[in-house]
Amino acid sequence: MNKAAGLTLQGLSLLLLAWLTWQLLRWGVVDAVFRPDAHACQALGREAACWGVVAQKARWLLLGSPEQWGGLPLTLVLFFGSWGLSWPLGVGLALARRSQWRWLSWPAAAFIETVRGVPLVGLLFAAAFLLPLFWSGGEAPSLGWRAGLALTLFSSAYLAEIVRGGLQAVPQEQSEAAATLGLGWWSTQRRIVLPQALRTVLPALTGHAIGLLKDTSLVMVVGLHELTGGLSLSLGGDPDWRPFYFEAYLFVGAVYALLCLMLSRLGLQLEQRWQRAQG
């Protein structure tokens, strides 16, 4: 391909990109309806976006409803609750699996591999429908608590393997030097080994946190209406706004993207802080 042909192809690509950009702007901004007016949105005939559905349903999605707690608050509670509770369990499992005592390492390995081998949807169904059958002494905890338990167990199994990988990267000489200085096993792990291990696997921990945040959307299969499930419930019972599900799901996707970007940015800041501390 000669230079002239290459320039022509480049020019055509730029023209195509400009045309696509204009079509997107026209559909999403210029001709779009932003006010919560269902009749104005229906008059568009799908020729432009109806962001009025977001304005109409935003309160339900971002704050839940007076009748049923859900939406974004439920998503955040499930994420932060399961993430926080899975840390001590995950770290304990990682340390137990590395133990020289088989009565400790074998049960930890069995738990980790079993939970990792079961889909999260399966754990959610078990927590929602099977756990109450084995509950004695009264009624089982609410569905939200049971779903949070499933998320916690699921997260802790994967977190344990991430932490175990970091522990293996710490030289054995570090523990031997700590023992020479008179530190006990737990002090050595807490002050020397675990900080180095977590610093090593911080990118993997950030990725796991992002994955767990997105996995909270699966609780809708057991009847909990978090951000995604809240949208389905809100539009399913409203024939006026049901046709504009595409714009509503774009909004939900943007919320998830923003939350994941914040987690990614937080992980990057922690990496930079630890690098400065080392320097």
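Predicted model: local features only at pLDDT ≥ 70, side-chain atom pairs only at ≥ 80, totals over all residues.
Trainee: Which residues is Glu-161 in contact with?

Mentor: Contact means heavy atoms within 4.5 Å. Set aside neighbours within four places in sequence, and Glu-161 contacts Arg-97, Ile-112, Glu-113 and Arg-116. Glu-161 belongs to helix H7, residues 143-168. Helices are DSSP runs of H or I with at least four residues, strands are runs of E with at least two, and both are numbered from the N terminus.

Trainee: Does Glu-161 count as buried or exposed?

Mentor: Buried means under 20% relative accessible area, exposed over 50%, and partly exposed in between, with a 1.4 Å probe and protein chains only. Glu-161 has 15% relative accessibility, so it counts as buried.

Trainee: Where is the kink in helix H9?

Mentor: The bend at a residue is the angle between axes fitted to the seven residues ending there and the seven starting there. In H9, residues 185-200, a kink of about 45° lies at Val-193, shortly before Pro-195. Val-193 is also among the buried residues of H9, along with Thr-188, Gln-189, Ile-192, Leu-194 and Ala-197. These buried residues pack against H4 (71-97), H7 and H8 (172-180).

Trainee: What does Val-201 touch?

Mentor: Val-201 is in the loop between H9 and H10. Not counting residues up to four places away in sequence, Val-201 touches Ile-162, Gly-165 and Gly-166. Val-201 counts as buried because its relative accessibility is 11%.

Trainee: How many residues does H10 have, and what distance does it reach?

Mentor: The expected span of a helix is 1.5 Å times one less than its number of residues. H10, residues 202-215, has 14 residues and reaches 20 Å from first C-alpha to last, close to the expected 20 Å. Its buried residues include Leu-202, Leu-205, His-208 and Leu-212.

Trainee: How many aromatic pairs does the structure hold?

Mentor: Rings of Phe, Tyr and Trp (its six-membered ring) pair if their centres lie within 6.5 Å; planes under 30 degrees apart are stacked, over 60 edge-to-face, and the rest tilted. The structure holds 9 such pairs. Trp-27 and Trp-51 have ring centres 6.0 Å apart and planes at 75°, so this pair is edge-to-face. Trp-27 lies in H1 (3-30) and Trp-51 in the loop between H2 (38-43) and H3 (52-63), so the pair ties together parts 24 residues apart in sequence. Elsewhere, ring pairs link Phe-79, Phe-80, Trp-83 and Trp-87 into a cluster.

Trainee: Which residues does the disulfide join?

Mentor: A disulfide is a pair of cysteine sulfur atoms within 2.5 Å. The structure holds 1. Cys-41 is joined to Cys-50, with S to S at 2.0 Å. The torsion about their S-S bond is about 70°, so the disulfide is right-handed. Both cysteines, Cys-41 and Cys-50, are buried.

Notes:
Residues numbered from 1 in each chain as written. Heavy atoms only, no water.
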